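This report covers confidence, nonpolar cores and salt bridges. Please view the structure first.

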Amino acid sequence: MKCLLIASESAEVLFHWTDPEFQQNVQKQYGASQEDGQGLPAFEDSISTLFAPIIISCITMVDRLRDSYTSFTTENHHIYVLHQFDECLYIAVNGDGEEGECDLRRKIYVVKKMTEVLFGMVTLSSNLLRKELRPQDTEQRARLWKHLQSLLQTYGHLRENDQSFLVEAVERLIHPTLCEQCIEFLERRLVQQLNSSGERAGEEVMHAFILVHTKLLAFYSSRNASSLSTSDLLVLIIMAQNMYPSNTDSDDPNPEDVESTSGSGPESFYTPEPSPPPDRGSSSSGEKPGRGSTPVFEFVDPDVQMAEDSLQTLEVPPPDPSTPRRVFLEVSLKDGLYPMMPHSMYCLPLWPGITLVLLTKIPTSAVAMSVYTFLEAFAKLEKRLSEGQEGSAATRGQRTIHEVRGKLDKFIKALGPTEIQSGQLQKEWIEFKNLAFTRGGPGFSRHLIPSCKKMKTQLCAVYRQCFLLESGSSSIPQRLSPGLQERAQSMVQEKLMDWKDFLLVKSRRNITMVSYLEDFPGLIHFICVDRSTGQMIAPSLNLTERNTSELGKGPLAQFIRRKVWTLVNTTRRYLQKGYSTVTFRDGDFYFCYFLWFENETGFKLEAGDLPVLSDDSAPIGMLAWDYYRKLLRYYSKSHQGEVVKCYELLTVHLGVVPAEIILQHCRQLASKLWEPSRNPLL
């Protein structure tokens with residue numbers, strides 16, 4: 001019984017996702033339309049009818065009281081969590097007891113993050129976001145919603161089964177030699193060759209990385225590229241998994257066939273088998289891996305066949321690897337931070353479970369930087385005018401309207417008068433200047449607020465026209481040519497051909513507890529996270545039909561796994577209340593959590609008082625809302641001139657181990673994990 005809904009202030013459904021149980025419950029309550037072709041709109045109507053009272057109530061409270069409820073529980077124990085972003089209301093519901101308020105709030109923020117990556121600065125205008133989320137064309141809307149629903153389901157699956165998405169940090173494959181070779185290959189051969197090719201249509205590869213399931217084998221950024229934030233990288237991994245989902249039982253070879261994959265101890269060796277000779281009689285060399293083939297059924301009844309054909313039109317077609325996805329990512333430059341800058345994402349499958357991802361900078365990205373500069377200036381002006389600051393007080397500070405004035409005139413002139421949106425922008429800009437700079441006008445006063453809002457909307461409209469509407473045009477798209485993509489794919493396949501089976505098993509047994517038991521007797525599991533880099537390290541906890549963890553795959557393994565997930569949720573609640581250390585005993589086990597700060601030399605700094613957050617604050621993590629970036633910024637204020645790093649350690653010990661030994665283990669483990677000789681994370 002799960003549901004997530006995005007609605008406008010007029011109670012119009014902009015997006016919804018429901019699981020089968022919730023959908024059946026709604027259909028029982030309101031009934032489903034039996035008219036031909038009316039199934040989807042009828043369910044939308046039912047959803048709208050169900051949530052309309054809640055939406056109207058929430059909007060009314062905001063209008064009259066400037067406040068609203070953030071969650072409530074119904075008589076049948078259904079939990080509702082609500083959050084309003086600008087003029088869009090997000091509602092998450094759970095009725096089966098599997099999710100609490102924190103889980104639902106996290107889901108809302110994750111969906112918000114996904115819309116930002118998919119639609120960029122259009123999300124800053126509720127009216128334009130409504131057009132993107134709810135297109136007029138029913139088939140286009142069905143495809144978009146299906147894609148968003150699939151992304152949400154992929155995230156839910158990863159969060160329930162993958163430790164890296166549980167703690168919201170990136171996990172790298174631990175094999176220093178191979179990782180170093182792959183990074184060098186990406187830098188000196190792949191990216192260099194792609195960027196020097198005449199078939200790149202003006203695009204420039206900024207980042208290239210290789211994923212083995214959800215783990216990072218190698219990551220390379222070009223010299224003039226900004227660093228990729230952990231939040232954006234996690235969303236890109238979700239998108240890659242959504243396009244080419246990992247089927248662990250079929251993708252991975254049997255662990256017994258590939259031995260010594262932990263790479264943790266000095267006696268771990270692996271010699272790859274020679275590449276198999278090409279089978280000249282086979283025609284499978286041109287085939288590309290993708291989703292599993294679906295069995296085809298033939299229906300004799302023409303009415304049934306027609307119904308199947310009509311349903312097929314609403315299904316999302318399999319992804320075409322040569323068609324890039326437009327994504328909007330954060331860019332950090334010397335002159336400041338630019339969120340939601342346009343990039344093209346190429347997701348090229350190498351083998352089932354192994355993927356090459358390329359991120360390119362598009363030729364017109366400078367337009368997006370200019371739009372953000374202008375948006376920031378008008379947003380600051382609007383905020384100051386709303387606070388009662390007028391005249392020179394409203395225009396004081398960086399990137400003032402006076403500084404932006406000349407640049408915006410040049411920007412509109414460069415767009416050209418033929419574009420509809422640039423004409424609208426010019427019209428609003430002339431009106432703004434008449435109000436703000438003309439002697440007879442009101443000047444910089446509260447009367448200028450509506451004009452600021454109109455300018456922001458028109459800037460977002462230009463951004464939308466440049467970076468979202470062009471993807472649907474019939475003109476020749478600006479992208480890497482299919483031939484160039486195939487060459488990149490073949491180059492990486494040739495490089496990793498002898499390693500692919502090893503990598504697939506290694507991704508499931510990246511680090512094993514066996515190598516730590518001698519030094520830390522009684523230790524069952526641990527997770528260590530470097531929050532400064534957004535990377536984590538932990539022994540594997542994968543339980544599938546073919547592959548088992550070191551704890552087996554019986555009740556004990558499932559029990560420990562559930563305890564680890566519960567421990568992470570518990571420590572987040574304490575961290576929200578300002579605690580940096582948590583220790584408690586639960587039955588036969590002893591759990592510890594530590595958060596601490598160090599300078600770049602490894603000297604531990606005093607923790608101090610952590611900020612206390614409200615219960616309805618944004619969820620702690622790095623995916624939807626980067627709590628740790630803000631925490632580091634907050635802590636660095638008292639350590640000026642130092643590079644401050646933040647770490648977390650979670651451990652599970654047997655309860656019979658004395659507390660002083662457990663604390664000693666934690667100290668030794670923390671220092672041992674980040675030794676360069678053991679771990680290529682730093």
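Buried here means under 20% relative accessible area. Lys215, at 5%, is therefore buried. Keep in mind that the model is predicted.

**Confidence.** The chain averages a pLDDT of 84, and 82% of the residues score at least 70. Helix H8 (residues 230-243) has the highest confidence, at 97, while helix H10 (residues 302-312) has the lowest, at a mean of 42. The pLDDT is below 50 over residues 277-314, a stretch with 17 contacts beyond near neighbours in sequence. Residues 676-682 also stay under 50. Where pLDDT is low, the coordinates should not be read in detail.

**Cores.** The largest nonpolar core has 116 residues; Phe51, Ile91, Leu408 and Phe432 have the most contacts inside it. Another core, of 34 residues, lies apart from it and includes Ile524 and Tyr627. Beyond four places in sequence, Phe51 touches Cys3, Leu5, Phe22, Tyr80, Ile91 and Val93.

**Salt bridges.** The whole structure holds 24.

| Pair | Closest N to O |
|---|---|
| Lys215 and Glu171 | 3.8 Å |
| Arg531 and Glu648 | 2.6 Å |

Lys215 is in strand S8 and Glu171 in strand S6, so their bridge ties together parts 44 residues apart in sequence. Glu171 is buried, with a relative accessible area of 5%.

Lys113 is buried at 12%, and Asp232 is buried at 1%. Arg531 is buried at 4%, and Glu648 at 3%.

Elsewhere, Glu12, Glu44, Arg130, Arg134 and Arg141 are linked in a salt-bridge network.

Conventions:
Residues numbered from 1 in each chain as written. Predicted model: local features only at pLDDT ≥ 70, side-chain atom pairs only at ≥ 80, totals over all residues. Heavy atoms only, no water. Core = buried A, V, L, I, M, F, W, Y, C linked by side-chain atoms within 4.5 Å. Buried < 20%, exposed > 50% of the residue type's maximum accessible area, 1.4 Å probe, protein only. Contact = heavy atoms within 4.5 Å. pLDDT = per-residue confidence, 0-100. Helix = DSSP H or I, 4+ residues; strand = E, 2+ residues; numbered from the N terminus. Salt bridge = Lys/Arg side-chain N within 4 Å of Asp/Glu carboxyl O.
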